[in-house]
Amino acid sequence: MENTLDHGEASFYLMGERAAIVHSMPPATLSCQRRIWWLADVLRTRQRYLDIVPGMNNLTVVFDPLGCDGDALLAELAGLWQQADSAVLEPRRVEIPVHYGGDAGPDLAEVSRHSGLSEDEVIATHSGTDYVVFFLGFQPGFAYMGGLPEQLATPRRAEPRLSVPAGSVGIGGSQTGIYPAASPGGWQLIGRSDTPLFDPQRAQPSLLLPGDSVRFVPQGAHHA
Amino acid sequence: MLEILRPGVQTTVQDLGRHGLRHLGIAQSGALDAPALRLGNRLLGNTDDCAALEIVLGPVEIRFHRDGWLALTGADFSATLDGQPLWCGWRWPYRSGQCLRLNGTRHGMRAYLAVDGGIDVPQVLGARATDLKAGFGGHHGRALQAGDQLPQGSAANLARRLGAGHPAWTPAIRALPGPEYHEFSAAAQAALWSQPWTVSSHSNRMGYRLQGPELAREHGGELLSHGVLPGVVQVPPNGQPIVLLADAQTTGGYPRIACVIEADLWKLAQARPGSELQFLACDAATARAALRQQQAELKRLDWSMQYGH
């Protein structure tokens, strides 16, 4: 399509009259996501853009179409992408206490059945792993995390729940995450946390931010 | 202070929405017909960031508890103030104790009631707009109910009634081809621009679902989650497009066949379920010119208010 710059592993294009996108070819990797975070940080310091939104190995930059030239922005993005080293910033470590199983995690048995692990092994595996927040989306403060051990990957529920309680910890395909607020959802729920993930009255409303390293900490005995 | 006597189908406090927070998963929210909100605020001498009421269908009744001025914009809801008809697109004085009634409409979907000083609910994350999904902003993060009382900003010192022209609604929605446009079949590309699209009853502030010929995607695999904006036209696997609006989530994964230009998003806000829309292909220069024209119309109104006729 027009207005596309191609740089082998990444492409740069406009979406509508007021967004520019950096898009890296799949499969998604953490090293590419680090370049996305670096690029987002650099663009934020330039204070010319309305929104800078990391996705999974892509970045959407929203601009004022009457104050900013989209093609010039694409060239700027392509130039920065070449410089983007995946400099590893020291990640913030966030621990999230979780009550696994029972009413808090009604799908723990399903994940156990699907993985062939016992429920205790599912909990030990899920809480024994460091996860990385790739980006936020879906709902305020919802973190898309990478790093779920392959054996825990479980397909989404055939029938999504009409309401998933706030704080629910779930597995959807090869991803894991927490619902900051009650919402409909199709993930397999294995536990729940009381930690507030999103508070619009806080200066930094989201507990989790891209680049964070997250660890789930089991609370008390679970009641399967 | 304003008192809600009858709330109607969905009346919410809205301003121009939240910006710069999409990376936290925070939706834009704000008036779906932003030009109508801007017009109402300008008529009253309010700043552009003042909040007003977005009213979906009627009937709605509101009582005023101080003297002041109001402006009605957007869809014409055959409004009356203590039984006296009020024209849409004009500002009117009201007195404490008077009751405003918005009866409803045969054309359009959303009316905007702006008041002098604006609806003075607290700002949350930089805006007064209601985020219905996340439950914050506006009046306690929800649609208004009978008995709700809303604070108002300072009264304006205005002298005469005043009206302004509204743009006429047409079913023509201008759009640019989206990032995955070329992955759709030739038949789908042609159908997008040539076929009428019916607004589904499952349309809301998050998005308008359209019904028409199935849009088949021929190439391209599953997409990784990416940022989306109001105006993006997604095509889920059922082939029926969804135009995202102000309350849409910040990221998505469906292919984007088109992007409705910002200057035409208000037309979706005023399209009723069952009505037909037509997409018109345009380019970014046309999209910018349309935005400039909207700004110029507001400027012209400012001048005419400042210097008389």
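Which residue forms a salt bridge with R256(B)? The partner is E180(B), and the closest N and O atoms of the two are 2.9 Å apart. R256(B) sits in strand β20 of chain B, residues 256-260, while E180(B) sits in the loop between β13 (172-177) and α2 (186-194) of chain B, so this pair ties together parts that are 76 residues apart in sequence. Both R256(B) and E180(B) are buried.

Before I go on: this is a predicted model. Side chains of opposite charge can pair when their charged atoms come close. Over all chains, the count is 24 salt bridges.

Next, chain A. D107(A) and R157(A) meet through their side chains in a salt bridge, at 3.2 Å from N to O. Both residues are in loops: D107(A) between β6 (93-100) and α3 (108-115), R157(A) between β8 (143-146) and β9 (161-164), so the bridge ties together parts of chain A that are 50 residues apart in sequence. D107(A) is buried, at 5% relative accessible area, whereas R157(A) is partly exposed, at 28%.

Back to chain B. Here D67(B) and R95(B) form a salt bridge, with 2.8 Å from N to O. D67(B) lies in the loop between β4 (60-64) and β5 (68-74), and R95(B) in the loop between β8 (90-94) and β9 (99-102), so the parts tied together are 28 residues apart in sequence. How accessible is D67(B)? D67(B) counts as partly exposed, at 38%, and R95(B) is exposed, at 53%.

In chain B, E54(B), R110(B), R205(B) and D247(B) are joined into one network by salt bridges that share partners.

Terms used:
Residues numbered from 1 in each chain as written. Chains lettered and ligands numbered in written order. Predicted model: local features only at pLDDT ≥ 70, side-chain atom pairs only at ≥ 80, totals over all residues. Heavy atoms only, no water. Salt bridge = Lys/Arg side-chain N within 4 Å of Asp/Glu carboxyl O. Helix = DSSP H or I, 4+ residues; strand = E, 2+ residues; numbered from the N terminus. Buried < 20%, exposed > 50% of the residue type's maximum accessible area, 1.4 Å probe, protein only.
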